[in-house]
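Dear colleague,

I am handing over the structure we spoke about, and I would be grateful if you could look through it alongside the notes below.

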Amino acid sequence: MKRINNSVFALSLFMGIAAINAQEKKQLTLDEAVQLGIQNSKNLKIDAAKIEEATADLLEAKNRQLPELKVSGSYMYLPIKPNLDLKIGGGSGAAGSSPDVHQVAYGTVNLSVPIYSGGRIKYGIQSAKYLVEASKLSTENDKIAIAYNVAQAYNNLFKANQSIKVLEENLTASQKRDETFLKLENNGVIARNDRLKANLQTSNIELQLLEAKNNYNIANINMDLLLGIPETTEIDVDQNYIDEGSEVKAVDYYVNEARENRKDLQALAQQRKAAELGSKSAKAENLPSIAFTGGYVAADVPKVLTVYNAVNVGIGISYNLSNIWKENSSLRQSQAREKQLAATDELLNDNIKLDVNREYQNTDYSKKRISVYEKAAEQANENYRITKNKYDNGLATMTELLDADAAQIAANVGVINAKADAALAYRKLLQTTGTLTFK
């Protein structure tokens, strides 16, 4: 039995050590977390593929200005003797005396060099360049959004962790108070009912602590997934980021910053340029195309005909006569696209003004909340000190003491949360202006 107990103890110890090792702890500053989130973002991998696609479209557009060289050849076996009527020198051969032909071979080489296409090739290349740039700007805009999302998750993790620390300190103090009250009850100094009220307060703090730890675990898993690291990693946050945003300028400054730096606005401008070129290209469909052409032909029909070195050069003109009676639908589509993008640009500018003003107000509000919470915390701490002295001298009830303690906990947690929320609000303001930086 003793050996079994020793084995169970050893197994339990091993499993405990394994569980501790499985929970890796990683210390990250906010900037490091943002960089890691951008590096492992699934959305940015999609954006990278979109840039590659736009770059391939640009390559295709450039290829249209290069010469086309095509080679073709064919060999045919003729199982049935064909009837040949060769007209050479104005005469005609007799059908009965035609040679016995059972195979034909020929090959051609054709060269076409575009000279003029109404500007369709040039417009296509320029439009593709604008769309590549728009894709890159959209990626930069997504990076800024990801940087804020990571900061938000980091902020939630910090707040949850700080709440745990405050609650643990208050739980320790409450448990010590319970021990003191138990001794006082045993000595007949206080009533059992007062001691039970203190125990109830301790239980409430324990419940708050359990909820805070649960929120912390959820926030930590969310952070791990955002950063692309194992979800068993415990992240140790650095609270230095809460000191950011100490100086906030006038709202007009941030509105102007947004107009100059918003990547989505710049991407839309590139799309509008591409759409304008698309309309020009559509108009060019009504113009002819001119190309330099050249070719080489070789053919061999045994006993009948052999051709070598049949080289030809010339100018080819192509024009679709149906354009005379058909309405240019491509032009209408492109013009509609231009109108759509123009309206989108106006709407985006209005939304930017609204976003910047809203986040500016939220930042100002968040900063003002800090001073209010700090004042409330000072008042709550002083109130608890006075109430504790009065209770020790029999001038305050147990209920008043416990209420003062609960108010003190809430006020201290409120100060921490207010500072963290103010730092996050400032980052949100920078995101709306397109100036949120990431290293």
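Predicted model: local features only at pLDDT ≥ 70, side-chain atom pairs only at ≥ 80, totals over all residues.

The secondary structure of the protein chain comprises 9 helices and 6 strands, and the C-alpha atoms fill a box of roughly 145 × 75 × 35 Å along the principal axes. The radius of gyration is 40 Å, whereas a compact globule of 439 residues would have one near 22 Å. Of the 439 residues, 35% are buried, and the accessible surface comes to about 26,500 Å², with 54% of this area belonging to carbon and sulfur atoms. As for charge, there are 52 positive and 53 negative side chains, and the centres of these two sets lie 4 Å apart.

Helix α2 (residues 30–39) has L30, A33, V34, L36, G37 and I38 as its buried residues, and the elements that cover them include β1 (25–28), α3 (42–63), α4 (120–186), α5 (192–227) and α9 (398–433).

Turning to the rings, a search of the whole structure finds 5 aromatic pairs. One of these is the edge-to-face pair of F158 and Y241, with 5.6 Å centre to centre and 80 degrees between the planes. Because F158 lies in helix α4 and Y241 in the loop between β4 (234–237) and α6 (251–261), the pair ties together parts that are 83 residues apart in sequence. F158 is buried at a relative accessible area of 1%, and Y241 also counts as buried, at 5%. Ring pairs link Y154, F158 and Y241 into a cluster.

With kind regards

Technical notes: Residues numbered from 1 in each chain as written. Heavy atoms only, no water. Helix = DSSP H or I, 4+ residues; strand = E, 2+ residues; numbered from the N terminus. Rg over C-alpha atoms; globule rule 2.2 N^0.38 Å. Buried < 20%, exposed > 50% of the residue type's maximum accessible area, 1.4 Å probe, protein only. Areas by Shrake-Rupley, 256 points an atom, 1.4 Å probe, with all protein chains shown as cover. Lys, Arg positive; Asp, Glu negative; His and termini not counted. Charge placed at Lys NZ, Arg CZ, Asp CG, Glu CD. Contact = heavy atoms within 4.5 Å. Phe/Tyr/Trp six-rings, centres within 6.5 Å; stacked < 30°, edge-to-face > 60°.
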